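Here are some notes to read alongside the model. They cover strand pairing first, then aromatic contacts.

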Amino acid sequence: LSSSATWTVTVRDDAGATVASGTGTGTRVDWTWDSTGAPASRYTWSIAAPQARSATGWIGSAPAPLSLQKLRLAPSVVTPNGDGRGDEAKIEYLLSSAAKVTATVQDVLGNTVATIWDGQRAAGKQDLSWNPEALNDGWYRLIVAASSGAKQAQASTRFWIDRTLGGTAASAPGFSPNGDGRLDETTIGFQLLNPAHVAVRVQRGSTILATLLEQDFSPGPQRLTWDGSGLPDGRYVVAVSSADSLREVTQRVIVQIDRRPPTVRLLSLRPITLRLSEPGTLVLAVNGRWHKLRVKRAGLLRIGHRGTVRGVTAYELDQAGNRSRVVTARR
């Protein structure tokens, strides 16, 4: 200061509230602010003394404006029927800065029927899982609200709960409709909790290749058999769709049609080395003792064996039940 005086230093937050201050006397202003516990933000400071022009400045950086974006709940139709498909909803959103977040669910009348989350969240991408097993079937609204001081942000999205369709599965991941008596067809099973109009279609991508059935069903377990007629070897999606008083729900299973048998080549007895054309179950006899090995990938397979290998016999069964030629080697 140009002359000795009593001075005051004041620190204020972005709302103008005083968060710290200090005083002293003399021509030299020297004061330290211990900001332990102060949240990251932009603060202003001022130095004032009688009959002197004040000095002002700032420290820190202004926090990003509070926003809550890209709210998403998947799947949009939740089916909490315990079949392991769509039983839980995954909730995602982006938070621009740290805030207190409350996620609630309202029914069609606007009544709050569930609180999913109520607590502090850091900035960034957020995700949480929720099982709505306590709620009845129907449509609901998810509301996610964030607050930080006087700042607030909110987003919402609609979703449905529908337990009608569940448990869709195929009896095997692949089958071979080649008339050899092994996995010539597959069974598609599903469960209905309520009466529904059901359609079962075979698709590749978004293209419908075949409609296996389309009719009304009563509640209970349902099964149908498919022999793959008219379709070439390949990977297909079997889509089971049920339409009831709420909306249409679809569950999908992937099924492989594979009429081609695998190939096995026996390359060496020391060590035992084979080349397999595809994953499957290798049936192997070493010195007359049979074993089964689960093979996860195609290619070379080396099998350790203690002692002398006098002879090896092997064949493979793939996931569709096709059997390779038997290969044999002896010493």
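1. In what order do the 4 strands of the open sheet stand? The order is E2-E1-E3-E4, and the pairing is antiparallel. Strands E2 (18-26) and E4 (55-60) stand at the edges. Each has a single partner strand, so one side of each is left without a neighbour in the sheet. From one strand to the next, the twist averages 15°. Keep in mind that this is a predicted model.

2. Look next at E1 (residues 5-12) and E2. These strands pair in the antiparallel sense over 8 bridges. Threonine 8 has threonine 23, in E2, as its bridge partner. As background, strands of a sheet pair through backbone hydrogen bonds, either parallel or antiparallel.

3. Strand E22 (residues 272-276) deserves a separate look. Of its 5 residues, 4 are buried, so E22 is largely enclosed by the rest of the structure. E22 pairs with strand E21 (residues 264-269) in the antiparallel sense, over 5 bridges. A hairpin of 2 residues joins E21 to E22. Leucine 269 stands opposite isoleucine 272. E22 also pairs with strand E25 (residues 299-303), again antiparallel and over 5 bridges. There, leucine 276 stands opposite glycine 299.

4. How many aromatic pairs does a search of the whole structure find? It finds 5. One of them joins tryptophan 130 and phenylalanine 159. Their ring centres are 5.9 Å apart and their planes are at 90°, so this pair is edge-to-face. The pair links distant parts of the chain: tryptophan 130 is in strand E10 (residues 124-130), phenylalanine 159 is in strand E12 (residues 151-161), and the two are 29 residues apart. Tryptophan 130 counts as buried, at 12% relative accessibility. Phenylalanine 159 is buried too, with a relative accessible area of 0%.

5. Another pair is phenylalanine 190 with phenylalanine 217. The ring centres are 6.0 Å apart and the planes are at 90°, so this pair is edge-to-face. It also links distant parts of the chain, 27 residues apart: phenylalanine 190 lies in strand E15 (residues 186-192), phenylalanine 217 in strand E17 (residues 207-217). Phenylalanine 190 is buried, at 3% relative accessible area. Phenylalanine 217 counts as buried at 16%.

6. Trp130 and Phe159 belong to one aromatic cluster with Tyr140.

7. Finally, check two arginines. Arginine 121 lies over the face of tryptophan 117, at 4.3 Å from the ring centre. Arginine 247 has its charged end over the ring of tryptophan 160, 4.2 Å from its centre.

How values were computed:
Residues are numbered from 1 along each chain as its sequence is written. This is a predicted model: local features need pLDDT of at least 70, side-chain atom pairs count only at pLDDT 80 or more; totals for chains, interfaces and linings use all residues. Side-chain values use heavy atoms; hydrogens and water are left out. Buried means under 20% relative accessible area, exposed over 50%, partly exposed in between (1.4 Å probe, protein chains only). Two strands pair if DSSP finds at least two bridges between them. Axes are lines fitted to C-alpha atoms, for helices over the stretch in contact, and angles run from 0 to 180 degrees between N-to-C directions. Rings of Phe, Tyr and Trp (its six-membered ring) pair if their centres lie within 6.5 Å; planes under 30 degrees apart count as stacked, over 60 as edge-to-face and the rest as tilted. A charge sits over a ring if NZ of Lys or CZ of Arg is within 6 Å of the ring centre and within 35 degrees of the ring normal.
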